[in-house]
Amino acid sequence: MKKLAVLLAAVMTLSGCIPHPELDRIGIAEAVGVDFDGSVYTVTVQFFNTDSTGGITAIDSSAPNVNISRAGGKTIESALEELSHRSGHNIMLGSASVIVFGEGALTDLRDSLDLCVSHYSSNMRAYVCAAEGSAADIMNIRFNEGNASVEKLKEMIGNSRDLGMSRPVILYEAAGKLREPTESAVLPLLRVYGSGSGDTEEGKSIIIRGGALCVCGSLPERLTEAETAGLQLLDPGSDGSGDCRVTITHRGSDIRADMFGIRSRITPSLNGDRLRIDVEISAHCKLVSTSLPDPYAAGTDMERLCGQELSERAYTALEATLKRYGADVVGLSYAIRSQSPEIWETIKDDYGEYLRNSEISVSCSVSAERFGLTG
Amino acid sequence: MINNKISAGSFAAVLALSRVFTEVSSLPWEHTEYGMQRFTAVILSFLLTGAVYIPAAAAIKHCGGESPITVIAGRSKLLSGFTGVLLSVFLLTAAAETGLRSHYYASVTVLDYAPPLYFCVTAGTALLFAVHKGLEASVRTGTIAAAIFVLLLVLIICALAGEFHTERLYPAFTDRPETLWSEVIKEFSRNSEFLIFAVLCGNVSSKALRTVPLYLGGSCLTILLMTFMYNTVFGHLTSRLMFPFYTLSSISDITLLHRLNGIDVTVWIMAGILKTALFSLSFGNIVRVCFGCSKAADIASLLFGAAALALSELFTVIPALTGTAARICGSGVPLMCAALFLPAAALLCSPKSDVRTGGAGKGTAA
């Protein structure tokens, strides 16, 4: 007991002797934007404003919930150091939940992400997004709601995923994709627009529109919403479910249906000297809204139409990535290697070209689990 | 401070933890590669390690559970002194390597830019405490650390249940046949626990030889499970990760323990210190048995710990020295030398009249 008392006393009295940073001197990064102009990286960081909500002060909702700082450097690391120097805060990346790359920085995205992955204080589950234009423009938008501006952005990414419009990508996943044979990944594309609403100080807001296809060493290519929606079906990712909502038209009437339990199976084969990719999708659906007088009678038609919609989405996505750019963004190489190692041995040295010349076939079976109008 | 109260199970748990520690705390020149070859390399290396333990196990059984050094010391002073010097050099190198691994792991993950002094003071104090409390307390602490690691592993598996992409496994034994043998040897050379077992097996209360299958089986299965997780969660990214297990724990997002990397670092720093403490206690036992200096054993253990930490610091500042040491240790030759010399010498020094039946181990130090 005596020893314990001595130990406790030592801990309580001597801990102040050890140098440590105060909370208000740390810049707790919530979101990071990275731009590159060909020679200089510019890093824009939204960090927690300790003068507003929580921190070492009482809550003051009149103060902005986030501070923004920007600095440049030859590398991202040196830009962060410069930013720490300028802002007077030691930047802590462990809580950064969104990382946005501007168009210029997407060309060498792999190196930038490797830096983030090897930085042990960074948050490996942070969302990685692309910006249409500059990432600084995205970072400059401050949402007033909640304790942190970034929460709103995360909600948007989450909603986009739930509606099946765009597939969220997290840090280690994006870095992994860029290490696969075709060194490519698709990131959700953020765009600034003038909302005119009062939810931001600037009167502007952010919208997620499609995706950016990043291939190492090339300029990013833009994918439409339909294409990114198809990718979500085929490879939901660690933070997605693949579930989505579709609108189909039956006898002139719009029907909204929730698709869930989506499973996809990709079967590769060689047809002569061309790679053939057969995709089978299975899903369940339930009605969300309809103006049909008797939705039960339309069950079979609805299953067929939903199946068509999912097949089109998947085909569009594969055509836009595999065939147009030879970019494997759905982990197809793993499927080929595990299912048909002999095919992999044949095509691995010229994989991108095989993808460009591939034949794609998509089939989908949907079963209507229930017709209840509510979830 | 050496006593005879450790059980084979807890000894095996601590040895397995220290083996997995070596696997987790990669040095800058060690990388875990993605691919099925990793499974092959791990299995082959453990088969080789198992083969290395056979002569030692035969010698221990032949000598009625006595550790080889006790048998050698009871027969020839010259051979005993030679054995003591040889084992001391091996132990010091292995302990310094352990110190280097712990320091590097702590520096990169939690200490970041903290001065080396922080690590040395923390590890040195813990080591002092471990050596002072003795083998039983160290093994007990190690068993707790092993239990925490198992809990961590279970939590990680639960948290990442939906992220194991089994399609990333493919039917192949080798990916890079030209590197398979070097990978096997590198894995094999990481089994410096052999030295601890050979020196301290006399302190196991009963059935000391049960330690070997338990420790080898446990550590092999754990490393295979970890390899499975690296391959299925990270795929090609595995080859880019310095500490894949740390990254696994840092992406494990569960409700109450949001990100498990803090637990991970605690376990491995604890394991590193414990492993160094076991080497120190082994050295103390050598001083006691091989050199016959019982009174100086405890202080020798402490000095050994300090020397190991100092040498590990030296490794961090002299890359050429580190490279040479890594090449020698990584070749597996020192381990093989110890594994062949000890049982051979023990069998040579064990006259038939000394042979006792039964597995009751006798303490190597009174």
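**View 1. Where chain B meets chain A: 21 residues of chain B are in contact with 18 residues of chain A.** Here, two residues count as in contact if their C-beta atoms, placed from the backbone, lie within 7 Å. This is a predicted model, in which local features need pLDDT of at least 70 and side-chain atom pairs count only at pLDDT 80 or more, while totals for chains, interfaces and linings use all residues. Residues are numbered from 1 along each chain as its sequence is written, and chains are lettered from A and ligands numbered from 1 in the order in which they are written.

**View 2. The chain B side of that meeting, with α4 (77-111) and α10 (244-251) of chain B each supplying at least two residues.** Helices (H or I, at least four residues) and strands (E, at least two) are DSSP runs, numbered from the N terminus. α10(B) gives the most to this side, with three residues. Sorted by class, the side of chain B that touches chain A has nine nonpolar, six polar and six charged residues. Ala, Val, Leu, Ile, Met, Phe, Trp, Tyr, Cys and Pro count as nonpolar, Asp, Glu, Lys and Arg as charged, and the others, Gly among them, as polar.

**View 3. Chain A splits into domain 1 (23-223) and domain 2 (240-375).** These bounds come from an automatic or database domain assignment. Taken over C-alpha atoms, the centres of the two domains of chain A are 31 Å apart. Their contact takes 16 residues from domain 1 of chain A and 14 residues from domain 2 of chain A.

**View 4. The side of domain 1 of chain A that touches domain 2 of chain A, where β7 (184-193), β8 (205-215) and β9 (221-223) of chain A each supply at least two residues.** The largest share, three residues, comes from β7(A). By class, this side of domain 1 of chain A has eight nonpolar, three polar and five charged residues.
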